[in-house]
Amino acid sequence: MKGGNSISLEFRDKKYGRWGRGRFIVSKRDENGNISHVLYLTEDIMEEKAERDKLIDASERALAASEAKSSFLSNMSHEIRTPINAVLGMNEMILR
């Protein structure tokens, strides 16, 4: 914390299992720039953590769906091209 004025960290309360955020905030420095007073604040972030987990889950599901769609389109494109190429080849043979 030499250059900064605060540090935040997230923690889980072992006794109650609740998530919290702790913040150390420099409130006063001496004439040499050394920290002389620090505030420590805590806040309950259970709701924020639950929302963040929901967003991460939704993001992972959307990514999986996008990958499945890409794979499906790639396979279907191949499956359609193969018989079309066969028909075009037969057509060319008939025309010759």
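Modeller: Residues 24 or more positions apart account for 30% of the contacts in the chain with a separation of 6 or more, where contact means heavy atoms within 4.5 Å. This is a predicted model, in which local features need pLDDT of at least 70, side-chain atom pairs count only at pLDDT 80 or more, and totals for chains, interfaces and linings use all residues. Residues are numbered from 1 along each chain as its sequence is written, and side-chain values use heavy atoms, with hydrogens and water left out.

Colleague: Why is Arg21 called buried?

Modeller: Buried means under 20% relative accessible area, exposed over 50%, and partly exposed in between, with a 1.4 Å probe and protein chains only. Arg21 has a relative accessible area of 11%, so Arg21 is buried. Of the 96 residues of the chain, 6% count as buried.

Colleague: What does Arg21 touch, not counting residues up to four places away in sequence?

Modeller: Arg21 touches several residues, among them Leu9, Phe11, Ile45 and Glu48.

Colleague: What joins the side chains of Arg21 and Glu48?

Modeller: A polar contact of 2.5 Å joins them; the term means a pair of N or O atoms within 3.5 Å, and within protein one must be able to donate a hydrogen and the other to accept it, while residues adjacent in sequence count only if both atoms are side-chain atoms.

Colleague: What is the radius of gyration of the chain?

Modeller: The chain has 30 Å, whereas a compact globule of 96 residues would have a value near 12 Å; the radius is taken over C-alpha atoms, and the globule rule is 2.2 Å times the number of residues to the power 0.38.
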